Amino acid sequence: MPYTLLRSMDGSMSEPFCRPRAAQFPRQNGRTEGGSLMKWVFLSLYLVAIVVIAVLSSRKVKSLNDFHLGGRNVGPWLSAFAYGTTYFSAVIFVGYAGKLGWNFGTAASWIGIGNALIGSALAWAVLGNRTRTMTQNLGATTMPEFFEMRYDSKFLKIAVALVIFVFLVPYSASVYQGLGYLFESTFGLPVEVCMIAMAVFTLIAVFLGGYLGSVLIDFVQGIVMIAGVCLMMIFLFNKMGGVQTAFSSLEAIDPELVSAVGPSPLNLLWMVCLTSFGVWGLPQMVHKFYAIRDRRSVRIGAIVSTLFATLIGGCAYLAGSFSRVVLNISDPAAVGGVDKLVPEMLFASMPEWMLGLIVVLVLSASMSTLQSLVMVSSSAIAIDLVKGVFKPNLSDKAVKGLMRGLCAAFVVVSLIIALGQVAEIVTLMSMSWGTVAGCILGPYLFGVVSKRANKRGAICGFSAGLLLSIALTIALGTGQAPMIGCLSMLASVVVTPLVSLLAPAPDQALIACAFAKGK
């Protein structure tokens, strides 16, 4: 039986000096047997709700536009919750909260604050109306279509579509891994079974309801997440003897863990920038702006989305910082690695019924993210490559069928990667997030805010971000993924406007069409 060294709050060795891991994190103590019914009830109700909403939504999906964009008539609350639940998944609650909370302590909360202020409030203010209006003016329904029409470039359309499909696969895999670890800890099921089950339900939701079904499910998921995260913090602090005692206990382990910027300020800054500015260039996030109803809806959606991100992001990272206190360990290896910290912490601090609600909370966040990833990735191939390049006369019905087939392919490939558990959750997510945002952010941002941005600037900005991300990953390894992602985004943001200024101005008729004011 594996043994784990235990330390008291002051860092000294506790008595006895070692205990069997099973004694520290009991799995066979009757706790799961006595209260397992409520866990299964919560989970069953949630999964049934997903299927019911997907089936009802399928009746309103009449066209490709309905399937992919909800008819561009999605209201502010649905759009805001869809944005927020796509933002925060099992990657945040399990991988990021665990590893970053362990490394940075309570300073990890700055990541949640950055996500709310930069990734939500500022993103909606700068991109929301501009993206909604310009995509309607140009008739663009996907990110690759936007690049083709805004910059009159078939090359960009193909390149962006390929990057989206290839590099969002590991992101999806990281979500499956996070879900698998949490289900394994809570329900005692093999992690492989959990991943496969979630893949099946993701496909059901996307196959039947399309985008409209996804946002309706997101709204329900958002409500579950709000209730769950509030209860989670209450039980967690109660386990540690209150808020003041929790902070004092963490300070006794290492004072830097409760300092303003934590033990590693530069690495913390990389994470804040990657997770806050990175969403500006992620197609599954920007896609929400394509479908929102009108300018007023954007204003309301910005407020709701920011409040949602503040609560969910702030609580997730703060909770992760107390894993040392709750688990009383000095090394994540004691519980199987950083990806297991949050699942073990929740198991050690929550009553049985609450564990069921927490699982539904994380499942809600993850299902939304997975649905968005699947929709965006499948459309990149079906709409942008097959119909947009090889078979322009393909009917909408055929494209919709192709998208469903590609959804299945995307889920299967990402599931295979997740089952292989090739890397930590944070590494997988940072690598894919940083690469996609790194090459898309500059051309997309300046495409919607600047009339001077042109084809050459966009191609050079896209290429600079992509090549730098690949080169630095080869040279430095995936362990530096957050820094690499930030540098790649910076490269595309600097190169795009610089080359645009040196190149001839874009066609003025195209610019007049793209920047025409909408409702």
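Reader: Does V191 count as buried or exposed?

Author: V191 belongs to helix α9 (residues 191–239); helices are DSSP runs of H or I with at least four residues, strands are runs of E with at least two, and both are numbered from the N terminus. Buried means under 20% relative accessible area, exposed means over 50%, and partly exposed lies in between (1.4 Å probe, protein chains only). The relative accessible area of V191 is 5%, so V191 counts as buried.

Reader: What pLDDT does the protein chain average?

Author: The structure is a predicted model, in which local features need pLDDT of at least 70, side-chain atom pairs count only at pLDDT 80 or more, and totals for chains, interfaces and linings use all residues. Residues are numbered from 1 along each chain as its sequence is written, and side-chain values use heavy atoms, with hydrogens and water left out. The pLDDT is the predictor's confidence in each residue, from 0 to 100. In the protein chain 83% of the residues score at least 70, and the average is 80.

Reader: In which element of the protein chain is confidence lowest?

Author: Confidence is highest in helix α6 (residues 109–138), at a mean of 94. Over residues 1–35, in contrast, the pLDDT is below 50. Where pLDDT is low, the predicted coordinates should not be read in detail. The lowest mean, 32, is that of residues 13–20, which form strand β2.

Reader: How many helices does the protein chain have?

Author: The chain holds 519 residues, of which 59% count as buried. Its secondary structure includes 2 strands, and the number of helices is 21.

Reader: What distance separates V191 and Y176, C-alpha to C-alpha?

Author: Contact means heavy atoms within 4.5 Å. Not counting residues up to four places away in sequence, Y176 touches M195, M198 and A199, among others. V191 and Y176 are 15 residues apart in sequence, and in space their C-alpha atoms are separated by 9.5 Å.

Reader: How many residues apart in sequence are V126 and W280?

Author: V126 is placed in helix α6 and counts as buried because its relative accessible area is 19%. Leaving aside neighbours within four places in sequence, V126 is in contact with W280, L445 and V449. The C-alpha atoms of V126 and W280 are 9.6 Å apart in space, whereas in sequence the separation is 154 residues.

Reader: What angle do helix α4 and helix α13 make where they pack?

Author: Two packed helices are described by the angle between their axes and the distance between the axes. Axes are lines fitted to C-alpha atoms, for helices over the stretch in contact, and angles run from 0 to 180 degrees between N-to-C directions. Helix α4 (residues 76–87) and helix α13 (residues 295–320) have their axes 8 Å apart, and the angle is about 40°.

Reader: How far from K99 is P332, between C-alpha atoms?

Author: P332 is found in the loop between α14 and α15, and its relative accessible area of 10% means that P332 is buried. Leaving aside neighbours within four places in sequence, P332 is in contact with W102, G337, V338 and L341. P332 and K99 are 233 residues apart along the chain, while their C-alpha atoms are separated by 8.8 Å.

Reader: Near what value is phi of D152?

Author: Most residues other than glycine have a negative phi, and most peptide bonds are trans. D152 is found in the loop between α7 (143–151) and α8 (154–187) and counts as exposed because its relative accessibility is 53%. Phi of D152 is positive, in a residue other than glycine, and lies near 50°.
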